[in-house]
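Biologist: Please take me through this model, one part at a time.

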Amino acid sequence: MSAAIDVATQHELEQLHSRYAALLDDGPLAQWPELFTEECLYLLIPRDNHDLDLPLAIMRCESRGMLRDRVRAVEQTVMHEPRYLRHHITNATAVWADGELHGVAHYSVLEVLPDALPRVLSCGRYVDRVVRCDDGRLRYAERRCIYDSVLVPNTIVYPV
Amino acid sequence: MTHNERVWPGDDATRLPYWIYSDPDIYQREMSRIFRGSIWAYAAIEAEIPEPGDFRVTRIGDRSVIVIRDEHGVIRAFVNRCAHRGVKLCRQQRGNTRFFVCPYHQWSYDAQGRLKGVPFIKGVKQMGGMPDDFRREDHGLPTLAVTVRNGVVFVSFHESPPPFPEYLGETNLRYFDRVFDGRKLRLLGYSRQLIPGNWKLMFENIKDPYHASLLHVFLVTFGLFRADQKSQVRMDATGMHALLISQRGEAGKSTDTADISNLREDFTLEDPRLLDPVREYSDDATVVMQTIWPNLIVQQQSNTLALRQLQPRGPESFELHWTFFGYEDDDETMTRRRLRQANLMSSAGLVSADDSEVIKLAQDGTREHPKDAGVLLMGGRDTEDVPHMVTEAAIRAFYVRYREVMEL
């Protein structure tokens with residue numbers, strides 16, 4: 001059984017998505033994992049794999065700790081050209097089911113490299129499970145970023 | 001650049017002229033002499049097309065190719081282009097079918113690439129139609145030779161490529177069979193990336209253990225691949241194929257890591273499940289990277305297994321097409337382990353991202369200086385197998401062969 005969400009919850013959900021985008025685009029990246037529950041699942045998965053029911057994701061974090069490890073590795077170990085990213089998250093919808101919000105939102109991420117015109121780094125949809133935590137905040141228990149742009153323009157350095 | 005200026009510096013492969021990465025004439029010559037030469041090119045794994053009629057579209061060199069299992073279970077390959085007017089025949093990446101029908105005039109082909117149907121072949125109301133001497137059997141799809149080794153499908157545009165074992169040579173065949181040991185493979189998924197660099201830069205990268213212990217801070221930090229580990233570089237007799245073989249050592253600092261300026265000694269994982277390697281082969285090698293001329297890298301990095309296929313798209317760009325797999329007899333824990341370790345690989349990989357970024361920079365740098373040349377002297381001038389990583393011998397071996405095939 002699922003139930004519609006009220007306007008206040010819709011607003012709160014959209015605020016969560018906006019916060020997510022802001023932390024990835026403008027930082028601090030280290031705070032991004034705090035938007036997830038301790039036990040969580042974050043997947044960046046090509047649409048082909050999703051449609052074919054193949055499990056491979058190009059980023060797979062199975063806990064908030066693994067999200068933090070990803071952030072630290074990106075910041076401290078990965079060699080990459082500097083870049084600006086800009087997330088656009090739209091069409092956010094959700095329903096209540098089993099005490100959780102089951103949501104979908106569309107996204108696109110624009111990327112600007114130092115010496116190039118802006119381009120679409122990734123586009124697709126987020127399929128989420130969002131829960132209300134003890135501190136009253138909404139957090140992602142699960143976010144599957146299913147990207148339509150299966151041919152990735154070179155490198156995805158930061159989470160999508 | 002005119003042909004006269006295209007002179008390779010020296011008579012060995014210790015200098016690499018930068019025009020090889022961006023010259024369109026060189027690229028065209030590579031497509032015909034290398035990718036359509038007497039070679040075996042990786043096309044697919046059998047697990048992708050298990051049932052009769054299952055097909056997958058891939059690219060060999062710069063040409064689209066359909067690989068299909070026919071109604072008798074035999075794997076066939078033919079070019080993805082209608083024999084009538086050159087229209088790309090199949091628009092799907094994969095699927096199951098008995099016939100391929102061209103969207104333009106509905107010429108249809110069976111799973112062996114034979115032309116079966118030509119609408120209005122006899123005309124309409126005694127008007128039009130094909131001439132009397134038109135024979136459908138003259139207009140099938142050009143086929144490719146196919147060979148299958150333990151679940152891996154290779155194809156060739158060439159009429160008489162050597163037998164696959166002979167092509168790989170004894171040592172490379174042994175390591176190929178180490179991963180592809182006859183067990184059925186389980187397809188885990190794909191990852192595709194378009195890298196803005198020449199396709200050879202990817203091969204160089206995988207034949208180059210010197211960079212691995214310097215560029216890849218993540219690998220070094222966690223002891224997955226380091227200059228002080230027991231390791232070897234091995235080639236086949238021709239230099240076409242190569243193996244980088246290494247054993248995992250300790251994480252953290254050692255005397256031989258002093259040259260690695262950005263080693264992160266203080267980096268420990270909060271969730272160590274990301275790296276939880278277990279031994280799964282009978283030898284001690286924890287990393288085996290195999291490059292198979294002209295389009296395949298077989299990757300075993302701990303427990304993450306992948307086939308990386310190189311699909312050139314012009315001199316300055318290639319698709320790197322990753323097929324991740326395990327074995328059908330893997331338990332759930334092993335599959336999870338492989339999926340977690342895949343975090344190190346492909347376009348968002350904690351290790352591979354370094355490579356796709358550096359390949360772009362190599363393209364950017366060499367493009368501007370086509371008449372200059374790079375230096376390949378690490379480990380000496382020869383192309384012999386060595387029991388260490390501080391060498392560029394496998395790149396030299398590749399280019400010795402390249403010069404022969406390309407007559408450069």
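Biologist: Which residue of strand 11 of chain B stands opposite B:Ala145?
Modeller: B:Ser156 stands opposite B:Ala145. Helices (H or I, at least four residues) and strands (E, at least two) are DSSP runs, numbered from the N terminus. The model is predicted: local features need pLDDT of at least 70 and side-chain atom pairs pLDDT 80 or more, while totals for chains, interfaces and linings use all residues. Residues are numbered from 1 along each chain as written, with chains lettered from A and ligands numbered from 1 in written order.

Biologist: How many bridges are there between strand 10 and strand 11 of chain B?
Modeller: Five bridges link strand 10 of chain B to strand 11 (residues 152-156) of chain B, and the pairing is antiparallel. Two strands count as paired if DSSP finds at least two bridges between them.

Biologist: In what order do the three strands of that open sheet in chain B lie?
Modeller: The order is 2-11-10, with antiparallel pairing. Strand 2 (41-45) and strand 10 (145-149) of chain B are the edges, each pairing on one side only. Strand 2 of chain B joins strand 11 of chain B through four antiparallel bridges, and B:Ile45 has B:Val152 in strand 11 of chain B as its bridge partner.

Biologist: Why is strand 2 of chain B described as largely enclosed?
Modeller: Five of its five residues are buried, so strand 2 of chain B is largely enclosed by the rest of the structure. A residue is buried if 20 or more other C-beta atoms (placed from the backbone) lie within 10 Å of its own, exposed if 12 or fewer, and partly exposed in between.

Biologist: What is B:Ala43 in contact with, leaving aside neighbours within four places in sequence?
Modeller: B:Ala43 is in contact with B:Thr58, B:Ile60, B:Val65, B:Val67, B:Ala77, B:Val153, B:Phe154 and B:Val155. Contact here requires C-beta atoms within 7 Å.

Biologist: How many residues does the largest nonpolar core have?
Modeller: The largest nonpolar core has 145 residues, and those with the most contacts inside it include B:Ala43, A:Leu44 and B:Met202. Helix 9 (residues 393-406) of chain B gives the most to this core, seven residues. Such a core is a set of buried Ala, Val, Leu, Ile, Met, Phe, Trp, Tyr and Cys residues joined through C-beta atoms within 7 Å.

Biologist: What is the domain assignment of chain B?
Modeller: Chain B is assigned domain 1 (41-147) and domain 2 (169-406), with 36 Å between their centres over C-alpha atoms. The bounds come from an automatic or database assignment. Eight residues of domain 1 of chain B are in contact with 15 residues of domain 2 of chain B, and strand 2 of chain B gives the most to the domain 1 side, three residues.

Biologist: A change of topic. How many residues of chain A are in contact with chain B?
Modeller: In total, 32 residues of chain A are in contact with 37 residues of chain B. On the chain A side, the largest share is the seven residues from helix 3 of chain A.

Biologist: Which strand of chain B is joined to strand 8 of chain A?
Modeller: Strand 12 (residues 185-195) of chain B is joined to strand 8 of chain A by three bridges, and the two run parallel. A:Val152 stands opposite B:Gln193 in strand 12 of chain B.

Biologist: And within chain A, in what order do the seven strands of the open sheet come?
Modeller: They come in the order 1-4-5-6-7-2-3, with mixed pairing. Strand 6 (residues 119-132) and strand 7 (residues 138-147) of chain A are antiparallel and share nine bridges; A:Tyr126 has A:Cys145 as its bridge partner in strand 7 of chain A.

Biologist: Back to chain B. Which residues of helix 7 of chain B are buried?
Modeller: B:Arg337, B:Arg338, B:Leu339, B:Arg340 and B:Gln341 are buried in helix 7 (residues 332-341) of chain B. The buried residues of helix 7 of chain B pack against strand 3 of chain A, and against strand 12, strand 17 (304-312) and strand 18 (318-327) of chain B.

Biologist: What kind of peptide bond joins A:Gly27 and A:Pro28?
Modeller: The bond between A:Gly27 and A:Pro28 is cis, with omega about -5°. A:Pro28 is in the loop between helix 1 and strand 2 of chain A. A cis bond also joins B:Trp293 and B:Pro294, with omega about -5°. Most peptide bonds are trans, and most residues other than glycine have a negative phi.

Biologist: Is the phi of B:Ser346 positive or negative?
Modeller: B:Ser346 has a positive phi of about 70°, although it is not a glycine. B:Ser346 is in the loop between helix 7 and helix 8 (352-367) of chain B, and is buried because 30 other C-beta atoms lie within 10 Å.

Note on methods:
Contact = placed C-beta atoms within 7 Å.
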